[in-house]
Amino acid sequence: MSIIYNALSGAMAAQAGLAATSQNVANVMTPGYTRQGVLLAAIAPYQAGQLSAGAGVAVPSLIRFSDGYKSLQMWSAASELGQRTTAQPYLTQLEQVMGDETSGINSGLDAFFGALNAASVDPTSSPLRQQIITAADALAQRFNGLTQVLSNQRSAIVQQRNITITQINGLSNDIAELNKQIAATQGTGVNPSALIDARDNKIDALAGLVAVQVVEQPDGTRSVSLRGGQPLVVGGRAATMSATTNPDGSQTLRVAFASEAFILPKTGLGGELGGLEDYETKTLMPMIESIGDMAEQLADAVNARLVAGFSPDGTPGTPLFEYDSSTATGMLRIRPGVQGSDLAFSTSATAGGNSENLLALIALRSSTVTLPGLGAVTLSDASTQLVAKLGMDSQQNQAAMDTARTVRNQAEESWKSTSGVNTDEEAINLMQYQQMYQANMKVIAVANELFDSTLALLG
């Protein structure tokens, strides 16, 4: 009888191995699936006082081929890739707009100062004076158009951030619910591998949105927190993230968990959320400030020079530009009603042909403006340097994104080397467990023959 019991346990163990192998083969194309196996252990002899080799084989548990360190590497790579990928479209769009020869500020400045130079040949020419008004208006439209693009980007960031926060809250709730199911399943002895895979996939998606820290708990649940330690998931409870828009247009991020509320920092968030924050604070807002300062300083310099001069009829000069920082779409414009005849090119009220003030206007192109991140630069070089700095930021982010994608791919391959399904390996396992099952059934057949022979002798 002991032979039959041994063979029966072996056949059942082979069946368990075949079931695990078939599950692996069935999920060979399932994203995030972690392969499984069986743990075999010999059963100790139980016949006290009698010679016995053992009591067969048992399957104490299923093995889930998972490496926590490799999973953490993959989630960290997802955060870095998410951060770089999110910022790149904004950088590329702004780089293309600012570097466009037909609509960029540089070409507008060239046209404006070119019109001033043309008027220096004949300062009293009405068509040449009117051409200056037209060029000045076109320059103002270029500033306003670029400001509109920057304003649209900021609005898009606010919308994308709100969507990202909604996704973070949804994934946090899903992870908390899976924590509950895994803890309950483990308590009943049922294999929770599929639930753990689902939770790992949710954590991976969450890591792409914001950098996370994951801690395994003794009951099988996982606690998830932000890089700064603020909790997102603890056991079966999830936090709620929110964004509050401030009067200046910026947003303050908060995480509420139980009765506690945490204000999140502007840096170090990682993932898509961190990419949006970094781009807004390090690139977009300084660019908005730089373009506004450049327009304001240009308007002030031109207006101050014109006011100091005299028009052809001897009247004091009047301003050409109006600047209003509170109007995002039209911060710079031509003063209503100004005509070419109002331009004060002369430094003398009695010498209408005097063009000394016009020459001083032309010289403003080499004057100095002070911009955030650049310091003191000439007006003619300001836009070029802004575009160059933007291009460098875009290039660095692109290089970092390519590196992050490579790291992510390597992390995925490393994870697959441990947790992924290898069809060749599973084919070998399938044959081995099949042979194991057939061999044990053969043992049962032999045992039955011996048992029948024994009964025949006794009969």
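**Exercises: packing in a predicted model**

At 3% relative accessibility, Y279 counts as buried. The model is a predicted one. Work through the exercises with the structure open.

**Exercise 1. Which residue pairs its ring with Y279, and is the pair stacked or edge-to-face?**

Step 1. A pair of aromatic rings is described by the distance of the centres and the angle of the planes.
Step 2. The partner is Y90; the two ring centres are 5.5 Å apart. Centres within 6.5 Å make a pair.
Step 3. The planes of Y90 and Y279 stand at 25 degrees, so the pair is stacked. The cut-off for stacked is under 30 degrees.
Step 4. Y90 sits in helix α2 and Y279 in helix α6, so the pair ties together parts that are 189 residues apart in sequence.
Step 5. Y90 has 11% relative accessibility and counts as buried; the limit is under 20%.

**Exercise 2. At what angle do α2 and α4 pack, and which residues make the contact?**

Step 1. The angle is about 170 degrees, and the axes are 11 Å apart.
Step 2. Apply the cut-off: over 145 degrees counts as roughly antiparallel. α2 and α4 are therefore roughly antiparallel to each other.
Step 3. List the contact. α2 supplies T86, Y90, Q93, L94, V97 and M98. From α4 come L146, V149, L150, Q153, A156, I157 and Q160.
Step 4. Sort by class. The contact of α2 with α4 holds 9 nonpolar and 4 polar residues, with no charged ones.

**Exercise 3. Which residues touch the most other members of the largest nonpolar core, and which element gives the largest share?**

Step 1. This core has 52 residues; F112, F143, I291, V302, L320 and F321 touch the most other members.
Step 2. Elements giving two or more residues include α2 (68-99), α4 (126-187) and α6 (271-307).
Step 3. α6 gives the largest share, 11 residues.
Step 4. Zoom in on F143. Beyond four places in sequence, F143 touches I105, I291, M294, A295, L298, M331 and L332.
Step 5. Look at the rings. Ring pairs link F112, F113 and F321 into a cluster.

**Exercise 4. Is T34 buried or exposed, and what is T34 in contact with?**

Step 1. Locate T34: the loop between α1 (2-26) and β1 (36-42).
Step 2. Relative accessibility is 2%, so T34 counts as buried.
Step 3. Leave aside neighbours within four places in sequence. T34 is then in contact with R64, F65, S66, S193, D197, W415 and S419.
Step 4. Take S66 as one case. T34 and S66 are 32 residues apart in sequence, yet 6.8 Å apart in space, C-alpha to C-alpha.

Methods: Residues numbered from 1 in each chain as written. Predicted model: local features only at pLDDT ≥ 70, side-chain atom pairs only at ≥ 80, totals over all residues. Heavy atoms only, no water. Core = buried A, V, L, I, M, F, W, Y, C linked by side-chain atoms within 4.5 Å. Buried < 20%, exposed > 50% of the residue type's maximum accessible area, 1.4 Å probe, protein only. Helix = DSSP H or I, 4+ residues; strand = E, 2+ residues; numbered from the N terminus. Contact = heavy atoms within 4.5 Å. Axes fitted to C-alpha atoms, helices over the stretch in contact; angles between N-to-C directions. Parallel < 35°, antiparallel > 145°, perpendicular 65-115°, else oblique. Nonpolar A, V, L, I, M, F, W, Y, C, P; charged D, E, K, R; others polar. Phe/Tyr/Trp six-rings, centres within 6.5 Å; stacked < 30°, edge-to-face > 60°.
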